[in-house]
Amino acid sequence: MTDRLTLDPPELGPADPRPRLMLVNGSVLATGGRCTACGYALAVVPPRCPVCGGATMEIATFGPGATVFTATILRIPVPGREPPYGLAYVDLDGGPRILVHVIDSETGETGGLRSAGDGRPARPLVPGSRVRLVGWTEHGDPAVRPSPEPTEHQRTEEAS
Amino acid sequence: MSADTAVWGVGTSLFGKQPHLSAPELTWVAVTEAIDDAGLAGASAIDAVYAGTVFGEPGVAQRALQSIGVTGVPIITIENACASGTTAFHEARLAVESGRYERVLALGIETMTAVFDGAIVPIRSDAEGAQGFAMPSLYGMSATRYVHEFDVTPEQMAQVSVKNHRHAVGNPRAQHSRTVTVEQVLASRVIADPLTLYQCCSIADAAGAAIIGPARGAAHPRDVPIRSSALRSGKLWDQRSSRVWGWDIVAETAALAYEQAGIGPGDVDVFEVHDAFTIGEIVTTEALGLCDLGGGGRLVESGHTSIGGPQPVNPSGGLLSRGHPLGATGLAQIAEIVWQLRGEAGARQVEGARLGVVETMGGGAAGVDGNGCVVAVLGRS
């Protein structure tokens, strides 16, 4: 008799619905699924593609780069959290739109958007700007930092 | 064989933080008013109930209705986020139209002070709820996008709050019956950039009710015909979506309701729409076809949607000022449009209103463009 097989992975708690990140060669990537028929990407790996119905989903990685769709700074308390903190919907390169927390580039704090250096009230990330996945917040949320790489618009201007 | 349907009667409790009142007590006020308004002999005339509630406890409708004599009949409880009440209304109307039932109570109940201290957060099993997300941050992100993409100004957003507070002064049942200025709205504390406190609805406790039955003809001139109602859930809201959350579901649901009623948005005299946050009304008026995409800020600024303007929106004060007891909101909106179309809306009456539209949409599930949206068209052409 061998030991009984378990399907419970070690050291994992209850199911966590947040987008999953992994560290690959020093880069933080998001994982999820991509339909091999239509190419639709999403942050989970369902048995069928929700867009085309295709039955072959492959496991995929996305990022680390992403473009901000929109953002805000939440300044009211939410159970278990201390405001303020920056939130954004970002479109991962080659991947899905996910909700992320925003880490301030200078201070490295999640709520660090409050101390922007010059004393002015912090502002949310600008739609269309570039960010990079950099890891997890202390609460285990996927986190991004503003990226120094040029925006699409700036690239177009440089090329012309 | 489908029957023409009508709202026979409506009723509501007062709106606001009323922790001293139980869900049954709030329900008794709304339902007895609706029964009397409909001219029913009593509660025993009701032959089915559709009840909408979001955070109501299991059994809340049966617990609330037994003591006023609504027993024995089917009672079906519905949760559909902020559209729970209007989903109950929609299902009640379909039940009458199909001949399944004849006198149906559509009910909305919510006692939010029992559940929340502040902002509503999605459940922790939700991808966004688990990240410390709250509903104001969702609308704050819509507002950020609108400022960036369409140059909607903070002043235009504040105008929604100013208008709806002004409207609520004429509504004795409203939660916030006082005027505010653009300066006061913008100076109130920031909740989720760029939205400030007076641009966010409060939590509330209330109940709302409507009695729906077959059209009774000229003998009942206060009955308000239901021209159409439509219900949709959101499609995927993802990297392919260029519009803000909720725009498409409202536009698609409205298109269905307009088509079934044989009308266009220009025919409508008065609207009650989902304005949980100021940006929400801006987005919704666009999606309902009152103006082009990106034109919602200029629309409110122009006075088009004020009482006295061509197409008033939220004469009751809306969710921002009448109050937003989630599951009860849809029936509060239905009641307001019924009063408006009968000419019984008192100080906030929209003169000559004959055709009205109710819209409610809500969410809380990450990844879809809203859990649900209902658009209903009421009145005579």
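**Notebook: chains A and B**

I began at one pair: in strand E4 of chain A, A:Thr61 is the bridge partner of A:Thr31. The model is predicted, so I kept its rules in view: local features need pLDDT of at least 70, side-chain atom pairs count only at pLDDT 80 or more, and totals for chains, interfaces and linings use all residues. Residues are numbered from 1 along each chain as its sequence is written, and chains are lettered from A and ligands numbered from 1 in the order in which they are written.

**Strands around E2(A)**

I noted the terms first. Helices (H or I, at least four residues) and strands (E, at least two) are DSSP runs, numbered from the N terminus. Two strands pair if DSSP finds at least two bridges between them.

Strand E2 (residues 27-35) of chain A runs antiparallel to strand E1 (residues 20-24), with five bridges. On that side I found A:Arg20 opposite A:Thr31. E2(A) also runs antiparallel to E4 (residues 57-62) of chain A, joined by six bridges.

I then looked at the turns. E1(A) and E2(A) make a hairpin with two residues between them. The hairpin of E2(A) and E3(A) has five residues between its strands, and A:Gly39 in this turn has a positive phi of about 85 degrees.

**Chain A as a whole**

I listed one helix and nine strands in chain A. From the N terminus the order is β-β-β-β-β-β-β-β-β-α. Chain A has 160 residues, of which 36% count as buried (20 or more other C-beta atoms within 10 Å of the residue's own; 12 or fewer is exposed, in between is partly exposed; C-beta atoms are placed from the backbone).

**Confidence**

I checked pLDDT, the predictor's confidence in each residue, from 0 to 100. The mean for chain A is 84, and 79% of its residues reach 70 or more. Confidence is lowest in helix H1 (residues 152-159) of chain A, at a mean of 54, and highest in E3(A), at 98. Over residues 114-120 of chain A, pLDDT stays under 50. Where pLDDT is low, the predicted coordinates should not be read in detail.

Most residues other than glycine have a negative phi, and most peptide bonds are trans. I looked up the exceptions.

A:Asn25, not a glycine, has a positive phi near 50 degrees. A:Asn25 sits in the loop between E1 and E2 of chain A. A:Asn25 is exposed, with 5 other C-beta atoms within 10 Å.

B:Ala81 also has a positive phi, of about 50 degrees. Is B:Ala81 buried or exposed? B:Ala81 is buried, with 25 C-beta neighbours inside 10 Å.

The peptide bond from A:Pro83 to A:Pro84 is cis, with omega near -5 degrees. A:Pro84 lies in the loop between E5 and E6 of chain A. In chain B, a cis peptide bond joins B:Asp193 and B:Pro194, with omega about 0 degrees.

**Where the chains touch**

I counted contacts last (C-beta atoms, placed from the backbone, within 7 Å). 30 residues of chain A are in contact with 27 residues of chain B. E5(A) gives the largest share of chain A's side, five residues. That side divides into 18 nonpolar, four polar and eight charged residues. Nonpolar are Ala, Val, Leu, Ile, Met, Phe, Trp, Tyr, Cys and Pro; charged are Asp, Glu, Lys and Arg; the others, Gly among them, are polar.

Notes
Two residues are in contact if their C-beta atoms, placed from the backbone, lie within 7 Å.
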